[in-house]
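Student: I would like to go through this model term by term. Please set each label against its cut-off.

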Amino acid sequence: MTTLENTAIYHEIDFLLPAQRFNINFSYITQKGLPFVREFVLRLIHLAPMSMSQVATFFGFSRKEVQEAIDDLVERGELTLSENGRLILTEKSSGYFTELGEVPRLSLLRDSTACLSFDLATFSCLGKDNFSEKWKAGLSIKVDDENSSCSQTHVEKQFQRQFHEILQKGFLSRSLTQDEKDSPNVYTVNSVNKIKQMPVRLLVQFKVDEDGRNVEREDFERLKSSDYVHEQISLELDRLARPSNFGEIAKIMIEIGDGETLKLFDSKGSSVSLQFFEDLAKLEANSQKKRTTFIGPIYSSANWELVQKHLAPIIKARRESKADIGQAPFLWVAPSDPYWGKSSNLQVRVSELLEKASTKDKKLYSPTVYLPVSGSDDQRTARQWKREFEPNTDKVRGLIEGFLGGSVEVLHFEGEFVVVIYHISLRDSYPVSFPLGFISAEKDVVTSVGRLVKAYVEGTSGFEQPNDCGLISKIGRGE
């Protein structure tokens with residue numbers, strides 16, 4: 001749990017914002033400096049018309065050198081003779097100067113191309129990186145259909161508007177920025193071609209203050225304006241909102257003998273108090289009990305460290321041991337919660353658990369992830385889970401939803417430790433569910449929660465249908 005000016009992160013959710021990648025052909029005007037002699041001859045004559053011998057004296061040139069320099073400038077149409085035989089600037093070279101005594105700049109028209117990505121909500125330029133994100137492990141943000149269908153027109157306009165910013169961020173070809181003093185401007189956008197569409201991942205942290213109030217979400221640095229995106233996020237959260245489930249969860253806490261977590265709520269059960277949480281954390285730190293309470297999803301970086309602290313020594317001991325304990329089950333039972341797993345972090349953690357389960361020579365434990373489905377024929381949900389959990393689908397099974405009411409998640413490592421996370425929906429206080437739980441290595445707690453998990457996984461629902469529906473990849477295929 002991160003404490004920052006007495007706020008805590010209680011959920012981390014990735015939102016997927018549609019973006020497109022474009023190939024942009026454009027012409028730009030650049031102001032180029034002149035070669036040394038040419039620049040200084042023009043600057044001198046810009047100050048006052050002069051004769052050739054005056055120029056030669058000023059620069060200490062021989063007659064031949066001055067003749068060459070002047071001929072070159074006359075050929076370029078930059079110098080001419082006045083009626084009284086003095087050298088003066090032409091209309092062309094006068095245009096190089098904006099004020100007396102300054103450096104002359106030469107305007108050139110050049111062509112260039114850029115491959116850039118823009119989001120489809122604010123049309124902010126996201127740079128030249130080729131995002132290879134997939135539409136998974138996150139909540140999709142909807143944008144206006146017109147934004148997508150007319151994106152090329154929008155991008156043409158925004159590219160011109162944001163040109164200097166895009167240049168400063170180093171998103172354009174190096175040749176545009178070689179000259180430090182040079183500041184190119186767009187002359188015209190010749191063409192904008194859409195290459196592909198992909199999501200851009202926006203991590204949103206949901207926080208509470210010490211009184212348990214929800215803190216306003218922060219803006220997105222990568223976007224020019226976050227208002228529209230925040231509105232769309234709020235709409236999506238409203239669509240997914242669930243009624244309050246505090247009553248059921250409180251019953252489950254009592255059923256599994258967890259009186260501690262219940263103490264974190266105010267008397268009405270409407271919000272979580274950070275003050276109570278910090279008091280409990282102090283008690284736990286000084287107690288002999290091997291228990292830690294935490295706020296937020298178990299797969300967030302801070303909370304996963306708690307799992308690591310328990311898991312690492314077990315793995316080490318099992319690697320060194322001669323005993324064969326590879327059959328010890330490690331079960332992860334997911335909740336039926338619309339916000340669970342909507343983060344790229346989850347897959348990283350699952351992959352890690354599966355990889356650490358065995359060494360080259362031996363198996364250390366047997367991991368299985370159970371995901372909620374409505375039945376053994378729920379092909380639609382199974383397909384979605386399969387997509388989310390690629391390439392780890394061989395260790396992922398469907399479980400008929402409803403374990404401990406459906407809003408409790410458990411990671412149970414037989415004989416070693418257990419993690420219990422309650423996904424509490426408090427609609428009036430928090431826009432998303434509030435994950436709150438504990439990790440414990442107390443033998444009796446590990447055993448009693450283990451018994452509940454085993455009974456459910458091995459049990460049956462009505463019509464004698466087993467709760468364990470088998471591998472996700474085979475559900476609904478009659479296999």
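**Labels and their cut-offs**

Tutor: Start with glutamine 308, which lies in helix H12. Helices (H or I, at least four residues) and strands (E, at least two) are DSSP runs, numbered from the N terminus. This is a predicted model, where local features need pLDDT of at least 70, side-chain atom pairs count only at pLDDT 80 or more, and totals for chains, interfaces and linings use all residues. Residues are numbered from 1 along each chain as its sequence is written, and side-chain values use heavy atoms, with hydrogens and water left out.

Student: Why is glutamine 308 called partly exposed?

Tutor: Its relative accessible area is 21%. Buried means under 20%, exposed over 50%, and partly exposed in between (1.4 Å probe, protein chains only). So glutamine 308 counts as partly exposed.

Student: What does glutamine 308 touch?

Tutor: Pro313, Glu352 and Lys356, leaving out residues up to four places away in sequence. Contact means heavy atoms within 4.5 Å.

Student: Why is glutamate 255 called exposed?

Tutor: Glutamate 255 is found in helix H9 (residues 246-255). Its relative accessible area is 56%, so the label is exposed. Glutamate 255 still touches Leu404 and Leu452, not counting residues up to four places away in sequence. From threonine 292 it is 37 residues away in sequence and 19 Å in space, C-alpha to C-alpha.

Student: How do you describe the packing of H12 against H13?

Tutor: Two packed helices are described by the angle between their axes and the distance between the axes. For H12 (residues 301-320) and H13 (residues 344-355), the axes come within 12 Å and cross at roughly 10 degrees. That is why H12 is called roughly parallel to H13. The classes are under 35 degrees for roughly parallel, over 145 for roughly antiparallel, 65 to 115 for roughly perpendicular and oblique for the rest. Axes are lines fitted to C-alpha atoms, for helices over the stretch in contact, and angles run from 0 to 180 degrees between N-to-C directions.

Student: Which residues meet there?

Tutor: Ser301, Trp304, Gln308 and Leu311 in H12 meet Asn345, Arg349, Glu352 and Leu353 in H13. By class, this contact has three nonpolar, three polar and two charged residues. Ala, Val, Leu, Ile, Met, Phe, Trp, Tyr, Cys and Pro count as nonpolar, Asp, Glu, Lys and Arg as charged, and the others, Gly among them, as polar.

Student: What makes E10 and E19 edge strands?

Tutor: The open sheet has eight strands in the order E10-E16-E15-E14-E11-E12-E13-E19, with mixed pairing. Strand E10 (291-295) and E19 each have a single partner strand, so one side of each lacks a neighbour in the sheet. The twist averages 20 degrees from one strand to the next.

Student: How do you know that E12 and E13 pair?

Tutor: Pairing needs at least two bridges found by DSSP. Five bridges join strand E12 (residues 366-373) to E13, and the two run parallel. Leucine 371 has glycine 398 in E13 as its bridge partner.

Student: How does E13 pair with E19?

Tutor: In the antiparallel sense, over three bridges, with E19 covering residues 468-471. Here arginine 397 stands opposite leucine 471 in E19.

Student: What makes E13 mostly covered?

Tutor: Strand E13 (residues 396-400) has four of its five residues buried.

Student: Which β-α-β unit includes E13, and what is its handedness?

Tutor: E12, helix H14 (residues 379-389) and E13 make a right-handed unit. A crossover is right-handed if, with the strands pointing away from the viewer, the path from the first strand over the helix to the second runs clockwise.
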